[in-house]
Amino acid sequence: MKIGTVREIKAQEFRVGLTPGAAQEAVAHGHEVVVETGAGLGAGFADSDYTAAGAAIVADAKTVFETADMIVKVKEPQASERKMLREEQILFTYLHLAADEAQARDLMDSRATCIAYETVTARDGTLPLLAPMSEVAGRLAPQMGAWTLQKANGGRGVLLGGVPGVAPAKVVVIGGGVVGTNAARVAAGMGADVTVLDRSLPRLRYLDDVFGGTFRTAYSSKAETEALVAQADLVIGAVLIPGAAAPKLVTREMLKTMKPGAAIVDVAIDQGGCVETSCPTTHDNPIFEVEGVMHYCVANMPGAVARTATLALSNATQPFMLALADKGWERACAEDPHLAAGLNVHAGEITHAAVAEALDLPLHETASLLHAAE
Ligand SMILES: NC(=O)C1=CN([C@@H]2O[C@H](COP(=O)(O)OP(=O)(O)OC[C@H]3O[C@@H](n4cnc5c(N)ncnc54)[C@H](O)[C@@H]3O)[C@@H](O)[C@H]2O)C=CC1
Ligand SMILES: CC(=O)C(=O)O
Ligand SMILES: [Mg+2]
């Protein structure tokens with residue numbers, strides 16, 4: 001198979017879909033790899049690193065899209081990239097379609113087979129291709145929240161850790177999964193007073209067992225959320241219902257009860273955000289104010305630490321990328337239901353139930369495709 005990767009063109013996105021190490025593995029498996037010139041530079045990989053790994057460098061994205069059987073990327077394809085996708089081509093990347101109907105319709109029009117990192121599953125029900133970026137975004141969230149709270153950025157001028165004699169900031173993390181746990185750990189490590197809300201009792205038990213002395217847990221009811229948000233200096237949104245649009249757990253009415261200059265980092269923004277007033281921002285212009293509360297809603301936070309994030313993402317995607325290349329998508333998905341859970345669009349139809357439901361589009365059952373492929 002010919003595997004291609006391109007330079008990411010989303011604003012301030014410096015990650016790359018294939019590292020030279022992953023390219024080398026693909027070549028060792030007998031595949032060809034084509035890389036757009038400069039694709040790895042933002043993550044610290046030169047073209048010469050890719051040629052040393054056995055890949056070919058080409059002049060532009062158009063050549064990669066024209067020649068590759070599978071495109072491996074990081075972010076959802078932008079409008080200009082969607083026009084270059086072809087029928088029978090595999091696209092393997094983050095898609096986040098539940099909150100992006102325009103993209104979903106373009107991917108359907110392309111008739112390509114689109115496998116979303118964020119809905120590939122693991123045996124224990126976790127999301128192995130989302131987890132590494134959730135670890136990164138979770139650890140970044142208190143850092144970005146601390147910055148947003150600074151006076152010059154419109155924040156209330158509160159230091160997360162406080163100082164002797166002055167209380168630390170109150171941080172409320174909504175969702176205690178991978179993003180939430182990493183965010184809570186780092187915020188607590190910075191000295192903040194942290195509470196994590198989740199609606200899963202087993203998850204709250206786990207967090208209490210492991211981090212009981214480090215941060216508190218609370219059940220995510222409306223009343224508890226209202227009370228904690230009203231007192232918070234920083235709210236971190238970290239909920240997920242896989243494939244679906246995020247539930248709006250913080251309403252505009254709740255913002256009116258918050259302290260002026262309090263901050264929200266809505267990490268769940270790539271699934272539409274869990275705060276009613278959130279809308280996606282970019283690293284170029286990351287914050288805005290609503291009802292006196294500063295919002296940070298960057299949908300590709302790990303792009304800020306492109307090298308760490310690229311290496312972490314590649315560690316996770318590589319085995320799936322190799323399975324797709326070695327076996328073709330039909331056999332790879334037929335043999336691995338967890339990879340098959342990543343199928344979001346195929347031959348003009350939505351193939352993921354939560355995406356179909358979120359966008360109110362018809363669902364084509366994956367099982368029928370894989371059965372046909374056996
Ligand atoms: N903005 C960015 O750059 C990035 C965003 N993300 C996003 O962050 C979000 C969280 O991802 P993960 O932590 O990996 O997911 P996860 O599945 O590990 O955790 C989600 C948690 O939310 C909880 N939850 C669900 N409904 C809830 C409710 N009503 N109240 C409280 N908790 C609730 C679940 O029980 C679970 O513990 C996702 O939308 C993901 O796409 C992830 C990485 C980067
Ligand atoms: C998960 C995701 O959307 C990102 O890393 O950008
Ligand atoms: Mg994202």
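In this predicted model, ligand 1 is surrounded by 35 residues, and the closest of them are S134, G175, G177, S220 and M301. Sorted by class, this shell holds 21 nonpolar, nine polar and five charged residues. Several elements contribute to the shell around ligand 1: helix α6 (131–148), helix α7 (178–189) and strand β8 (193–198) each supply at least two of its residues.

Ligand 2 has its own surroundings, made up of K75, Y94, L130, M133, D270, N300 and P302. By class, four residues of the shell around ligand 2 are nonpolar, one is polar and two are charged.

The largest nonpolar core has 125 residues, and within it V171, V173, I236 and V267 touch the most other members. Helix α11 gives this core its largest share, 11 residues. As a general background, nonpolar side chains tend to be buried together in soluble globular proteins.

Some single residues show how burial is judged. A residue counts as buried if 20 or more other C-beta atoms lie within 10 Å of its own C-beta atom, and as exposed if there are 12 or fewer. From V293 to Q89 the distance is 44 Å, C-alpha to C-alpha, and the two are 204 residues apart in sequence.

Loops can hold buried residues too. V74 sits in the loop between β4 (70–72) and α4 (79–82), and it is buried because 28 other C-beta atoms lie within 10 Å. V74 and A246 are 172 residues apart in sequence, and their C-alpha atoms are 21 Å apart in space. G342 occupies the loop between α12 (337–340) and β14 (343–346). With 26 other C-beta atoms within 10 Å, G342 is buried as well. The C-alpha atoms of G342 and A227 are separated by 37 Å, and these residues are 115 residues apart along the chain.

Two other loop residues have backbone angles to note. Q12 lies in the loop between β1 (2–5) and α1 (20–28), and its phi is near 55 degrees, a positive value in a residue other than glycine. Q12 has 16 other C-beta atoms within 10 Å and is therefore partly exposed. E88 is in the loop between α4 and β5 (90–93). Phi of E88 is near 75 degrees, again a positive value in a residue other than glycine. Is E88 buried or exposed? E88 has 10 other C-beta atoms within 10 Å, so it is exposed.

Conventions
Residues numbered from 1 in each chain as written. Chains lettered and ligands numbered in written order. Predicted model: local features only at pLDDT ≥ 70, side-chain atom pairs only at ≥ 80, totals over all residues. Near = placed C-beta within 6 Å. Helix = DSSP H or I, 4+ residues; strand = E, 2+ residues; numbered from the N terminus. Nonpolar A, V, L, I, M, F, W, Y, C, P; charged D, E, K, R; others polar. Core = buried A, V, L, I, M, F, W, Y, C linked by C-beta atoms within 7 Å.
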